[in-house]
Amino acid sequence: MSEKDTILGDVGRLLTEVVGEDFLLDEEITEDTTFSDDLALESIEFVALAEKLQQHYGGRVDFAAFVAEMDIDEIMGMTVGTLVRYIADRTAAAPSAG
Amino acid sequence: MPFTTVRGTRFHTMELGSAARDPVVMLHGLFTGSLASWYLTSAPAISARRPVRLLDWRGHGLSERSRTGYGAAAMAADLDALTADLPPFTIVGHSYGCVAGLRFLQARRTRVRSMVLVEPPLPDGAGHAPGTTARPEAAALLGPAATSRRVRALVEDTDLMAELAAEPPVTDADLRDLAAVPCLVISGARSPYASAAARIRRACPAVRAHVLDGGHDLHVTHAADVTALLTGFLDARIPEAAHG
């Protein structure tokens with residue numbers, strides 16, 4: 001399983017924690033899945049996902065800095081793949097100790 | 001994820017930034033608002049140099065939806081409890097967050113260092129009710145379900161509407177209390193509350209005002225401009241040691 005597949009799995013799992021399993025029954029989470037159009041995510045749900053990912057990956061990622069570079073329509077229209085690539089880049093640069 | 005229970009209700013809060021001084025607490029508006037209103041707009045940039053605390057008001061975002069407690073005085077009491085650990089801080093409010101912030105200033109003057117009111121929802125002559133968002137496209141940017149499921153539950157399953165209707169109006173005497181701290185108002189020229197900045201300046205000439213060419217949700221639609229005004233205001237205030 002590649003690093004990106006692992007991260008994609010993490011995003012999917014934490015997304016399910018945020019929105020509940022029923023919401024994602026008919027939706028397979030892929031790198032092309034968009035948060036607003038495909039998942040109809042509310043902005044607070046995206047933020048909740050970012051909080052869970054921040055907690056999971058710790059200081060290696062900084063989602064506030066990540067979204068600071070974008071307009072709100074870019075953020076909500078983001079694909080899961082964009083988020084996965086950000087996490088992959090940050091965790092490759094600073095792998096967890098031990 | 002940080003949750004805090006105060007006054008019998010579980011609140012979702014968020015801390016941004018690692019700076020140690022000059023905290024900023026950013027307050028969202030009612031109905032479609034949540035801490036995402038500021039997290040996805042100005043809060044990250046502000047947090048580069050100052051610690052930022054965000055919160056979901058009760059019944060909003062991930063905070064518990066209580067039956068009561070939605071009036072500005074009750075919200076100010078929630079704010080009091082949720083910031084009890086902070087030194088004097090700056091309040092940045094959007095829409096009804098401005099009203100709650102004003103009531104907090106009146107109740108807890110020494111806890112407030114400065115105020116920024118973004119689109120304070122003061123009624124104009126046509127009597128638009130406080131707390132409503134008149135620009136649906138900005139609400140849509142915040143998420144399609146925000147304007148349906150969550151808002152419907154807030155309206156139908158709580159006393160929010162009745163409590164808003166019973167709210168005492170913000171008077172010119174109330175607005176004069178803004179002179180107690182450095183204060184900036186940012187309004188949208190195309191908002192139903194476009195007259196608020198002028199009204200506040202008439203009541204309290206010490207308040208600085210800036211009008212942008214936007215509507216009620218200009219913290220979303222004009223995020224870069226609002227962020228620039230916020231950082232400019234925060235940087236231009238007198239240092240803490242010299243503040244009264």
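# Exercises on a two-chain model

Chain A gives 22 residues to the contact between the chains, and chain B gives 24 residues. The model is predicted.

## Exercise 1: The interface

Describe what chain A and chain B bury between them, and find the salt bridge that crosses the interface.

Solution. 

Step 1. Start with the area. The two chains bury about 1800 Å² between them. Carbon and sulfur atoms account for 69% of that area.

Step 2. Look at the side of chain A. A:Glu42, A:Ile44 and A:Ile72 lose the most area to chain B. Together they make up 34% of what that side buries.

Step 3. Count the polar links. The interface of chain A and chain B has one salt bridge. Three residue pairs are in polar contact between the chains, both residues being at pLDDT 80 or more.

Step 4. Ask which elements of chain A take part. H2, helix H3 (63-68) and helix H4 (72-76) of chain A each give two or more residues to the side that touches chain B. H2(A) gives the most, with 10 residues.

Step 5. Name a salt-bridge pair. B:Arg150 pairs with A:Glu42, and their closest N and O atoms are 2.8 Å apart.

## Exercise 2: The nonpolar cores

Which residues touch the most other members of the largest nonpolar core?

Solution. 

Step 1. In soluble globular proteins, nonpolar side chains tend to be buried together.

Step 2. Go to the largest core. This core has 59 residues. A:Phe63, A:Leu83, B:Tyr39 and B:Leu54 touch the most other members.

Step 3. Find the main contributor. Helix H2 (residues 43-57) of chain A supplies the largest share of this core, seven residues.

Step 4. Inspect A:Phe63. Leave aside its neighbours within four places in sequence. A:Phe63 then contacts A:Ala50, A:Leu53, A:Gln54, A:Leu83, A:Tyr86, A:Ile87 and B:Tyr39.

Step 5. A separate core of 44 residues includes B:Leu27, B:Ile91, B:Val99 and B:Phe104.

## Exercise 3: Salt bridges within a chain

Solution. 

Step 1. Set the cut-offs. Buried means under 20% relative accessible area, and exposed means over 50%. Over all chains the structure holds 20 salt bridges.

Step 2. Take A:Glu17 and A:Lys52. Their side chains meet at 2.9 Å, N to O. A:Glu17 lies in helix H1 and A:Lys52 in helix H2 of chain A, so the pair ties together parts 35 residues apart in sequence. A:Glu17 is partly exposed at 47%. A:Lys52 is buried at 19%.

Step 3. Take B:Arg53 and B:Asp85. Their closest N and O atoms are 2.7 Å apart. B:Arg53 is in strand E4 (residues 52-55) of chain B, and B:Asp85 is in the loop between helix H3 (72-82) and E5. B:Arg53 is buried at 9%. B:Asp85 is exposed at 55%.

Step 4. Take B:Arg58 and B:Asp78. Their closest N and O atoms are 2.8 Å apart. B:Arg58 lies in the loop between E4 and H3 of chain B and B:Asp78 in helix H3, so the pair ties together parts 20 residues apart in sequence. B:Arg58 is buried at 5%. B:Asp78 is buried at 0%.

Step 5. Follow B:Arg58 to another partner. A polar contact of 3.0 Å joins its side chain to that of B:Thr9. B:Thr9 is in strand E2 (residues 9-16) of chain B. B:Thr9 is buried at 2%.

Notes:
Residues are numbered from 1 along each chain as its sequence is written. Chains are lettered from A and ligands numbered from 1 in the order in which they are written. This is a predicted model: local features need pLDDT of at least 70, side-chain atom pairs count only at pLDDT 80 or more; totals for chains, interfaces and linings use all residues. Side-chain values use heavy atoms; hydrogens and water are left out. A nonpolar core is a set of buried Ala, Val, Leu, Ile, Met, Phe, Trp, Tyr and Cys residues joined through side-chain atoms within 4.5 Å. Buried means under 20% relative accessible area, exposed over 50%, partly exposed in between (1.4 Å probe, protein chains only). Helices (H or I, at least four residues) and strands (E, at least two) are DSSP runs, numbered from the N terminus. Contact means heavy atoms within 4.5 Å. Buried area is the accessible area (1.4 Å probe) that two parts lose on being put together, summed over both. A salt bridge is a side-chain nitrogen of Lys or Arg within 4 Å of a carboxyl oxygen of Asp or Glu. A polar contact is a pair of N or O atoms within 3.5 Å; within protein, one must be able to donate a hydrogen and the other to accept it, and residues adjacent in sequence count only if both atoms are side-chain atoms.
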